[in-house]
Amino acid sequence: MTTEEILKAISHKDKKFPREALEQAIAQKDEITPHLLKILERVADDPDEVLDLENYSHYYAIYLLSQFRETRAYPLIVRMVSLPSDTVDELLGDTITEGLPKILASVCGGDTSLIVRLVENAGADRFVRGAGLHALIALVLSGDKKRDEVMGYYSRLFDA
């Protein structure tokens with residue numbers, strides 16, 4: 001499949017799971033990654049456009065970039081999940097609680113600064129903030145962060 005065919009298939013307008021397109025995207029990681037990043041940038045910049053078009057490519061982009069451990073997706077995902085609660089819920093639904101912690105842990109490259117900023121953002125969706133806290137645990141479980149470091153942050157957070 002060409003990049004254009006993959007992108008069309010993951011827009012998911014026909015409601016069929018695009019297994020072949022996802023397999024091809026994984027096989028063509030280097031070629032597809034810039035396009036997936038553009039999808040996330042577009043959603044972060046203008047989520048209403050994506051919602052109006054009923055385009056679901058951002059779901060697949062997030063999961064593919066997470067699988068690729070693509071650190072360039074990190075600030076884009078954080079921008080997207082920092083949108084107003086109703087918008088984030090429309091964009092991601094159950095992914096907020098079910099997948100976002102591991103997604104953040106996968107794309108952060110060990111840099112927790114944006115996760116910490118998200119957790120401490122009183123204006124962010126409470127489930128998104130919780131996902132940030134769970135992302136820190138995921139980093140401990142994966143061996144990417146020391147337990148004492150994360151527990152120290154939790155302690156400072158609770159003391160504040």
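# Briefing: helices, core and loops of a predicted model

Arg69 is placed in the loop between α5 and α6, where helices (H or I, at least four residues) and strands (E, at least two) are DSSP runs numbered from the N terminus. The structure is a predicted model, in which local features need pLDDT of at least 70 and side-chain atom pairs count only at pLDDT 80 or more, while totals for chains, interfaces and linings use all residues. Residues are numbered from 1 along each chain as its sequence is written, and side-chain values use heavy atoms, with hydrogens and water left out.

- The phi of Arg69 is near 55°, which is a positive value in a residue other than glycine.
- Ser57 belongs to helix α5, which covers residues 57-67.
- With a relative accessible area of 4%, Ser57 is buried.
- Ser57 is in contact (heavy atoms within 4.5 Å) with Ile10, Ser11, Ile39 and Arg42, when its neighbours within four places in sequence are left aside.

**Helix α11**

- How far apart are the end C-alpha atoms of helix α11? They are 23 Å apart, which agrees with the 22 Å that its 16 residues (126-141) should span at 1.5 Å a residue; the expected span is 1.5 Å times one less than the number of residues.
- The buried residues of α11 are Val128, Ala131, Gly132, Ala135, Leu136, Ala138 and Leu139.
- Seen down the axis of α11, these buried residues fall within an arc of 160°, so they line one face of the helix; the arc is that of the directions from the helix axis to the C-beta atoms.
- Arg126 and Leu141, on the other side of α11, are exposed.
- The partners against which the buried residues of α11 pack are α6 (73-81), α7 (85-92), α8 (95-98), α9 (100-107), α10 (113-119) and α12 (147-159).
- At the start of α11, the backbone nitrogen of Phe127 has a side-chain oxygen of Asp125 within 2.8 Å.
- Gly143 follows α11 and has a positive phi, near 85°.

**Helix α7**

- Thr87, Val88, Leu91 and Leu92 are buried in α7.
- Around the axis they cover an arc of only 105°, which puts them on the same side of α7.
- Asp86 and Glu90 are exposed on the other side of α7.
- The cover over the buried residues of α7 includes α3 (29-45), α4 (47-53), α5, α6, α8 and α11.
- After α7 comes Gly93, with a positive phi near 55°.

**Nonpolar core**

- Which residues have the most contacts inside the largest nonpolar core? They are Leu36, Leu40, Ile77 and Ile115, in a core of 52 residues.
- A nonpolar core is a set of buried Ala, Val, Leu, Ile, Met, Phe, Trp, Tyr and Cys residues joined through side-chain atoms within 4.5 Å.
- Not counting residues up to four places away in sequence, Ile115 touches Tyr74, Leu104, Cys108, Gly132, Ala135, Leu136 and Leu139.

- Glu149 is part of helix α12, and its relative accessible area of 42% makes it partly exposed.
- Glu149 and Leu136 are 13 residues apart along the chain, and their C-alpha atoms are separated by 9.8 Å.
- Three aromatic pairs are found in a search of the whole structure; rings of Phe, Tyr and Trp (its six-membered ring) pair if their centres lie within 6.5 Å, and planes under 30 degrees apart count as stacked, over 60 as edge-to-face and the rest as tilted.
- Tyr153 and Tyr154 form a tilted pair, with 6.4 Å centre to centre and 55° between the planes.
- Both Tyr153 and Tyr154 are buried.
- Tyr153, Tyr154 and Phe158 are linked into a cluster by ring pairs.

**Loops on either side of α10**

- Thr112 lies in the loop between α9 and α10, and it counts as buried because its relative accessibility is 15%.
- Thr112 touches Tyr74, Leu136, Leu139 and Lys145, not counting residues up to four places away in sequence.
- Ala124 lies in the loop between α10 and α11.
- Is Ala124 buried or exposed? At 7% relative accessibility, Ala124 counts as buried.
- Residues up to four places away in sequence aside, Ala124 touches Leu118 and Arg129.
- The C-alpha atoms of Ala124 and Gly152 are separated by 23 Å, and these residues are 28 residues apart along the chain.

Terms used:
Buried < 20%, exposed > 50% of the residue type's maximum accessible area, 1.4 Å probe, protein only. Polar contact = N/O pair within 3.5 Å; in protein donor to acceptor, adjacent residues only side chain to side chain.
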